[in-house]
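Good morning, and thank you for coming.

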Amino acid sequence: MRLLKAEELFRKLLEGGSKKQPRLLGLDVGSKYVGLAVSDQKNRIALPLSVLGRTKTNINLMADDFKTLVENYSLAGLVVGYPFNLQGQSSPDASQVSLLVGELCKTGKLDDLSYTYWDENFTSKCVEALLNPLKLNDPVETKTMTDKFAAVCILQGYLDNMNRALRSADKCDSASGKCFFV
């Protein structure tokens, strides 16, 4: 896996080169679960996907699950929620995210995949506030739904930002159809 700047990952996505439009997978990494969301085929909307259980011993299984998702959804990369503090620096919770990404890299199963970090500030709190009126009774179901929809928030924030930057740059070559960031 290769870390790219947010704009580089989106540029790579646009350049694609495959028959199917490549997509992105959003991750909300927690100590017990990893919430997943996938972009639509136009990379404009984030859709809830699932939640993977996370333990110290299942990293190879998780890597296999990610590899399957890469194939099934034509994924070009991961947008990994990263807990920055309000000053834009890593928060104490960031070690969970770095640990998971490092472990996935060490498996060697996702070497062709690129990833970027995206600020996840307040995503879980926002989702909790939205789910609260539903009065879900099962705490595990509530937690997994929170993680899944937090991944949606992370990925949607990334997609909105990148698509907005692309529109505002408005630097498209009409001959080739390629667009560039400024």
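I shall speak about the strands, then about one aspartate in a loop, and finally about the salt bridges.

Please keep in mind throughout that this is a predicted model.

Let me begin with strand β5, residues 75–82. Eight of its eight residues are buried, so this strand is largely enclosed by the rest of the structure. What are its partners? On one hand, β5 runs parallel to strand β2, residues 23–29, and five bridges join the two. Within that pairing, Leu25 stands opposite Leu78 of β5. On the other hand, β5 pairs with strand β6, residues 114–119, again in the parallel sense, over six bridges. Here Val80 has Tyr117 in β6 as its bridge partner. A helix also belongs to this part of the fold: β5, helix α3 (residues 94–107) and β6 together make a right-handed β-α-β unit.

I turn next to strand β3. Six of its seven residues are buried, so β3 too is largely enclosed by the rest of the structure. Its pairing with β2 is antiparallel and comprises five bridges, with Leu27 standing opposite Leu36 in β3. The two strands form a hairpin, and three residues lie between them. β3 also pairs with β4 in the antiparallel sense, over seven bridges. In that pairing, Tyr33 stands opposite Gly53 of β4. The hairpin of β3 and β4 has six residues between its strands, and Asn43 takes a positive phi near 55 degrees there.

That loop brings me to Asp40, which lies between β3 (33–39) and β4 (46–53). In general, side chains of opposite charge can pair when their charged atoms come close. A polar atom of the Asp40 side chain does, however, lie 2.9 Å from the backbone nitrogen of Asn43. Leaving aside residues up to four places away in sequence, Asp40 touches Arg23, Ile45 and Leu47.

How many salt bridges are there by this rule? The count comes to three.

One of them joins Lys109 and Asp64, whose closest N and O atoms are 2.8 Å apart. Lys109 lies in the loop between α3 and β6, and Asp64 lies in helix α2 (residues 59–73), so the pair ties together parts that are 45 residues apart in sequence. Lys109 is partly exposed, at 27% relative accessibility, and Asp64 is likewise partly exposed, at 32%.

Another is formed by the side chains of Glu128 and Lys125, at 3.9 Å from N to O. These residues are three apart in helix α4 (residues 123–131), and are thus separated by about one helical turn. Glu128 is partly exposed, at 38% relative accessibility, whereas Lys125 is exposed, with a relative accessible area of 57%.

There is also the salt bridge between Asp147 and Lys143, at 2.9 Å from N to O. Both residues lie in helix α5 (residues 139–169), four residues apart, or about one turn of the helix. Is Asp147 buried or exposed? Asp147 is buried, with a relative accessible area of 2%, while Lys143 counts as partly exposed, at 40%.

Thank you for your attention.

Terms used:
Residues numbered from 1 in each chain as written. Predicted model: local features only at pLDDT ≥ 70, side-chain atom pairs only at ≥ 80, totals over all residues. Heavy atoms only, no water. Buried < 20%, exposed > 50% of the residue type's maximum accessible area, 1.4 Å probe, protein only. Pairing = 2+ DSSP bridges. Right-handed = clockwise from strand over helix to strand, strands pointing away. Polar contact = N/O pair within 3.5 Å; in protein donor to acceptor, adjacent residues only side chain to side chain. Contact = heavy atoms within 4.5 Å. Salt bridge = Lys/Arg side-chain N within 4 Å of Asp/Glu carboxyl O.
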